[in-house]
Amino acid sequence: MASLSIKDRQAGDVTILDLSGKITIGEGSVQLREAVKRMLDDGKKKILLNLGDVSYVDSSGIGELVSSYTTTGNNGGQLKLLNQTKKIHDLLTITKLVTVFETHDNEETAIASFK
Amino acid sequence: MTETIELSIDSKLEFVDLVASVTKSVTAKMEFDEDDASWIELAVHEAVINAITHGNRNSADKQVEVRFVTEQEALTVYVRDRGEGFDPSQLPDPTSSDNLLNPSGRGIFYMRTFMDEVEHSIHPEGGSVVRLTKNKRSS
């Protein structure tokens, strides 16, 4: 049973990754890392992570969001967050990562922000 | 009345969900509210992950022991590994600007944030122990 399911879709040149499940140490974090790497390898450098259906995140999952952010930036891209849950918001706030990530609650606004 | 629940797992990440199941049962029985219950679950999860990966260095044959002690007003969880322990005062602050983009180093910070007491010690028979305590909110 996969702990995290990731589906990708395009909105213009923005790639939206719809995440569902758990981003935790091991499988979930690895799946996210590989998905972001795959997008970057395909030249997709505007990445929006839709976290609306993420049920659980641990410190490794938060670390993987940070890694995804820095990897994307290092490849000349941008990574933003969409629909963060209250729990994820709390975890990002406590560790001051809200100052790092650009987050959106509305998909259209999020997509437009990449232009 | 004090009640104790103990379980012992091999150092395998696949067993971490078992500990989460027990944590959920214990917090539900103690009637912690939903928020506290989920943060306790995360704190115990982080402690067990640290025990497996740092304390026992992923050696599957080394055990992680988890002991839940429930009292009327508080839950205390002891997580023991077989490692040599560490000095928690030497941990870098994950919220400082130099460390903000580090991919790791937030587990103990979350434990300290969500629990009322977090104490690391060396077990007299070997290994290190983290004690996590959460008090019930007075209603």
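Two residues are in contact if their C-beta atoms, placed from the backbone, lie within 7 Å. The structure described here is a predicted model.

## Contact between the chains

A:K96 sits in the loop between α3 and β5 (103-104) of chain A. Setting aside residues up to four places away in sequence, A:K96 touches B:T95 and B:L100. Is A:K96 buried, exposed or partly exposed? A residue is buried if 20 or more other C-beta atoms lie within 10 Å of its own, and exposed if 12 or fewer. A:K96 has 15 C-beta neighbours inside 10 Å, so it counts as partly exposed.

The contact as a whole takes 16 residues from chain A and 17 residues from chain B. On the chain A side, α2 (59-74) and α3 (86-94) each supply at least two residues. The largest share comes from α2(A), with seven residues. By class, the chain A side holds six nonpolar, six polar and four charged residues.

## The sheet of chain B

Chain B carries an open sheet of five strands. Their order is β1-β2-β3-β5-β4, and the pairing is antiparallel. β1 (3-10) and β4 (117-122) stand at the edges. Each has a single partner strand, so one side of each lacks a neighbour in the sheet. From one strand to the next, the twist averages 15 degrees.

Strand β3 (residues 74-80) of chain B pairs with β2(B) and with β5(B). With β2 (residues 63-70), β3(B) pairs in the antiparallel sense over six bridges. These two strands form a hairpin, with three residues between them. B:V69 stands opposite B:T76 of β3(B).

Seven bridges join β3(B) to β5 (residues 128-135) of chain B, again antiparallel. Two facing pairs can be named here. B:Y78 stands opposite B:R131 in β5(B), and B:V77 stands opposite B:L132 in β5(B). How much of β3(B) is buried? Six of its seven residues are, so the strand is largely enclosed by the rest of the structure.

## Helix α2 of chain B

Helix α2(B) lies across β2, β3 and β5 of chain B. It runs at about 175 degrees to β5(B).

Two packed helices are described by the angle between their axes and the distance between the axes. For α2 (residues 34-55) and α3 (residues 107-114) of chain B, the axes come within 9 Å and cross at roughly 145 degrees. The crossing of α2(B) and α3(B) is left-handed. On α2(B), the contact is made by B:W39, B:L42, B:A43, B:E46, B:A47, B:I49 and B:N50. On α3(B), the contact residues are B:G107, B:Y110, B:M111 and B:F114. By class, this helix contact has eight nonpolar, two polar and one charged residues.

## Nonpolar cores

In soluble globular proteins, nonpolar side chains tend to be buried together. The largest nonpolar core in this model has 31 residues. Those with the most contacts inside it are B:A43, B:A47, B:V48 and B:V79. The elements that give two or more residues to this core are α1 (16-29), α2, β2, β3, α3 and β5 of chain B. Which element gives the largest share of this core? α2(B) does, with ten residues.

Leaving aside its neighbours within four places in sequence, B:A47 is in contact with B:V79, B:M111, B:V130 and B:L132. A second, separate core has 30 residues, and A:L48, A:L65, A:I88 and A:L91 are among them.

## A buried position in chain A

A:I6 lies in strand β1 (residues 4-11) of chain A. It has 20 other C-beta atoms within 10 Å, so A:I6 is buried. Leaving aside neighbours within four places in sequence, A:I6 is in contact with A:L17, A:L19, A:Q31, A:L32 and A:A35.

How far apart are the C-alpha atoms of A:I6 and A:T99? They are separated by 25 Å, with the two residues 93 apart along the chain.

How values were computed
Residues numbered from 1 in each chain as written. Chains lettered and ligands numbered in written order. Predicted model: local features only at pLDDT ≥ 70, side-chain atom pairs only at ≥ 80, totals over all residues. Axes fitted to C-alpha atoms, helices over the stretch in contact; angles between N-to-C directions. Helix = DSSP H or I, 4+ residues; strand = E, 2+ residues; numbered from the N terminus. Left-handed = near helix turned anticlockwise from the far one by under 90°. Nonpolar A, V, L, I, M, F, W, Y, C, P; charged D, E, K, R; others polar. Pairing = 2+ DSSP bridges. Core = buried A, V, L, I, M, F, W, Y, C linked by C-beta atoms within 7 Å.
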